[in-house]
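Student: I have a structure open on my screen and would like to learn how to read it. Could you take me through some of its features?

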Amino acid sequence: MTNSIEELHNNRRTQRGFAMKRCVKMLAAAVSAVMLFPVCAVPAHAEGSIEDVCDAIREIGYPEECVKTFMNEYETRPHDENGMYVGEDYWEYIDLAENIIIFRDLIDGKLAAFMGVSPEAVKTADPSAFVSLLPLLTNAAPAATTAPAAAVTDENGQTVSQTTVTTVSGSEAPVTTAVTNGGTHTKEQEAAFVNMTLEEKQAFISSLPEDQRAAYFAGLTPAERKSLLKQISKDAQADILKDFVEAGETFGMHVSIDKIGDGQIDFSVRDSDGTLIDSTSFGSKVDDTGWDMTLPVIGSAGTILLSIGGFGWTAYRANKRREEVLNGEN
Amino acid sequence: MKKASTYLFSVILTILLILSMLGTIGLMLMKFRALNAGTCLQLVQSQDLAERVHQSLEKYYQEQENVTGIPLSVYADSISTGECDKLIRLSITNAFGYMNGTVDEFGIKPDFSELKADMTAFFEDYAEKNDFEKDETYQKKLDEAQLAAQTNIKTECDVFRFATLQEAGLIDKVKKVVPYVGFGLIGCAAADLLLFLLLLAVNRKEKQHVWYWLGNSLLVSAILIMIPAVWLNVTRWFDKFAVKTDQIFAAVTGYLYGLTHAAITAAGVAILLAVCSYILFIIQHRMRNARTNGR
Amino acid sequence: MAKTKDTNQEAQKRSGALGYFLTPILLLALCGGLAVLCYSLAPAHDVQRYLNLAFMDTLKVTSTTSGLNIRHRDIKTDDQNTTEDKPKLQEGKINYPTFGEQYAKLEAKSINLMVGVYYGVNSELLSRGACQSTQSAIFGTVGNHIIDAHVNTFFAELHNLAVGDTVTMYTDYGKFTYEVTEKIEFNKNDKKYVGVTKDDVLTLYTCAPQVIGSSDTRIGVRCALKEKEFYEPLES
């Protein structure tokens with residue numbers, strides 16, 4: 001004799017809750033996974049569908065869990081074959097997807113601008129123009145072959161996504177980096193970039209020929225973007241996060257940045273009902289789990305010292321008065 | 001208060017007396033209020049806890065009827081107001097008995113024979129009507145249902161959540177401390193007397209000052225107890241733990257606020273004694289001054 | 001001269017009266033300061049902890065954080081299990097929690113610890129019990145399960161856990177037993193123990209006690225999985 005109502009409730013909660021839970025767990029990766037597309041992606045599907053919106057959410061860098069959460073939300077919102085309601089507004093799928101992609105370009109442009117690269121150049125750059133020299137510099141140079149996969153284009157002939165596989169033959173084990181925008185960054189290149197300080201990154205970018213700078217940004221991997229986002233100034237972070245937050249608003253995810261600290265950005269995410277979905281930070285977080293007793297301790301210690309001083313003063317006055325009385329009598 | 005050394009010695013003795021008085025008042029509250037089963041038993045009546053528990057259980061089993069198939073009538077006799085009252089009081093006396101050392105084992109073992117009989121009768125009747133074989137599975141289901149009902153009723157009647165506190169280790173911690181409360185109280189009272197006598201000795205040349213220092217001790221101890229107690233009451237701090245379950249809310253907040261009221265009362269008595277002490281001091285001080293000036 | 005003598009006597013009376021009024025105030029300040037200092041320096045603040053522990057299952061949802069839904073699951077520990085024959089499955093269904101849900105209970109008998117574990121970390125949840133980071137693995141899955149709590153309340157005795165002690169996690173979908181393998185201490189900027197792991201490990205940590213200010217040091221334990229039992233099979 002089981003409690004079937006409880007079970008049904010738990011199952012529903014399991015489906016929704018887990019998706020919600022995961023959706024911003026890796027927002028650090030999400031922001032850094034923003035892709036530098038040369039153009040705004042236009043939905044690949046002919047007449048626009050919810051899948052286009054999902055693709056756009058992925059494009060801008062939200063993790064798959066967020067997409068699932070969005071799909072869960074989608075089921076609860078009024079929608080038809082052409083569009084859906086976000087809040088009280090009706091959006092056609094095509095328009096909604098385009099609206100989301102605009103934010104991606106904004107974010108990409110700001111990252112590039114911070115590093116001294118023209119956002120306009122990044123928009124039109126060809127990611128494959130940059131070819132990584134690593135591990136060719138650090139090891140015996142095996143031959144590298146780059147084989148771009150077939151690009152997926154939309155009805156307007158514009159590139160939506162492209163996969164490039166770089167294999168390094170020779171004694172080294174194959175180094176393969178598959179990135180979705182045609183980047184040619186090897187794992188060694190990625191690791192080297194990630195481990196650089198901001199100054200080293202800036203020096204590295206500056207050392208590249210002009211045409212390859214924008215190409216480098218056009219082919220950034222998620223890890224590289226994540227490392228860069230953590231290192232840029234707080235103002236720049238706040239600026240980029242603002243766009244990221246606004247992007248979330250377009251499809252009903254309410255992100256609020258709680259705190260930008262040293263190497264840590266705390267944020268909260270709420271769904272359209274205002275229910276708190278997550279409260280976490282970019283990257284791993286070590287929480288503060290101690291009460292700060294500074295004020296009570298210092299306050300009480302100060303009070304004790306003052307009162308001891310008060311007693312001393314009173315005793316001194318009493319002694320002085322006694323002497324005056326004695327002197328007066330004499 | 002004319003000599004500095006007398007003043008400072010008196011201050012030190014007064015501080016010790018304040019601490020001792022705080023101990024005395026605190027231990028009195030603990031012994032006669034907090035660790036007294038009567039406090040909780042009184043709340044059972046004043047907060048009508050038995051009726052609240054009965055209604056909660058009734059509602060629960062009514063809701064469960066569609067899920068488990070067992071009608072409310074099976075449980076009716078076991079969850080009557082009288083039975084609930086018995087179980088609540090049993091859990092209170094057991095918990096306090098365990099803490100005070102008069103009971104060896106924590107946890108009540110109520111007589112659920114009537115409940116078992118009612119449930120067995122229902123199951124047998126059901127099995128006969130539906131041609132169920134009374135095999136091992138049947139017996140297992142019956143045992144599980146009986147155990148679940150007993151546990152549920154016991155938990156609901158444990159309005160002060162003694163079982164959870166025991167699980168958290170608090171009951172055992174209190175049990176270790178309880179034997180020393182009485183001795184502590186006597187010790188603190190003895191310390192109060194001793195410190196008073198020492199004050200008398202230090203202020204032997206101007207005995208009227210003893211009343212002044214005694215008044216200070218009583219006043220300061222009273223204020224130190226009253227401020228937090230009043231704050232807890234005024235801010236309704238314990239309502240933070242306001243619970244969904246009606247009877248637990250009534251029981252727990254009743255107990256805790258009762259403690260704060262007792263603390264405020266004790267502090268009030270101490271303030272009155274302090275005022276009397278100050279009056280005595282003023283009278284004696286003036287009489288002495290009159291005698292001194294008269295000479 | 002008589003007049004001067006009278007004036008002096010008057011002044012002495014007044015200053016004497018000042019001492020009489022000032023003394024009880026100074027006594028109150030001194031004793032009050034002592035009381036606050038003792039409270040601040042106390043290693044554990046048990047009243048709130050026990051109140052939370054005793055009533056955590058039935059607390060009203062009075063959250064001050066906007067949108068935070070605090071919920072509690074009905075979780076039975078070994079002492080409360082009414083059915084003896086729970087199936088002991090090595091793989092089973094996981095009932096994933098949502099942010100703000102108390103979905104587990106942590107027990108460490110060696111230090112008399114029993115505390116509810118909330119999924120998600122914020123100041124409000126930390127005041128109610130132990131909290132599991134949303135960046136960590138859910139119990140039942142493989143990975144690093146990271147739980148922290150205030151050193152002043154729930155994890156006051158955490159430093160007393162020794163290597164070899166057992167830590168048990170109870171959920172409504174399974175029971176997971178861990179054994180302490182090492183005691184850890186790290187700086188809050190060191191993310192070594194709060195990252196992803198390939199193995200099933202449990203990381204418990206809290207702030208190192210510090211009188212003034214908030215400590216930058218974290219102390220705790222790392223535990224390895226010893227045994228797991230799921231209550232429901234995957235197919236159901």
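Student: Which residues of H3(B) are buried?

Tutor: A residue counts as buried if 20 or more other C-beta atoms lie within 10 Å of its own, as exposed if 12 or fewer do, and as partly exposed in between, with C-beta atoms placed from the backbone. In this predicted model, the buried residues of H3(B) are Leu49(B), Ala50(B), Arg52(B), Val53(B), His54(B), Leu57(B) and Tyr61(B). An α-helix has 3.6 residues a turn, so residues three or four places apart point the same way. Across chain B, 33% of the 295 residues are buried.

Student: How many residues does helix H3 of chain B have, and what should they span?

Tutor: Helices (H or I, at least four residues) and strands (E, at least two) are DSSP runs, numbered from the N terminus. The expected span of a helix is 1.5 Å times one less than its number of residues. Helix H3 of chain B (residues 49-68) has 20 residues and should therefore span 28 Å, which agrees with the 27 Å between its end C-alpha atoms. After H3(B) comes Gly69(B), with a positive phi near 85 degrees.

Student: How many helices and strands does chain B have?

Tutor: Chain B has 11 helices and zero strands.

Student: And how are residues numbered and chains lettered?

Tutor: Residues are numbered from 1 along each chain as its sequence is written, while chains are lettered from A and ligands numbered from 1 in the order in which they are written. Because this is a predicted model, local features need pLDDT of at least 70 and side-chain atom pairs count only at pLDDT 80 or more, whereas totals for chains, interfaces and linings use all residues.

Student: What is the mean pLDDT of chain B?

Tutor: pLDDT is the predictor's confidence in each residue, from 0 to 100. Chain B has a mean of 89, with 97% of its residues at 70 or more. Within chain B, helix H10 (residues 209-234) has the highest confidence, at 94, and helix H8 (residues 162-167) the lowest, at a mean of 83.

Student: And chain A?

Tutor: The mean pLDDT of chain A is 67, and 60% of its residues reach 70 or more. Over residues 1-45 of chain A, pLDDT is below 50. Where pLDDT is low, the predicted coordinates should not be read in detail.

Student: How many residues of chain A are in contact with chain C?

Tutor: Two residues are in contact if their C-beta atoms, placed from the backbone, lie within 7 Å. Here 45 residues of chain A contact 53 residues of chain C. H12(A) gives the most to the chain A side, with 19 residues.
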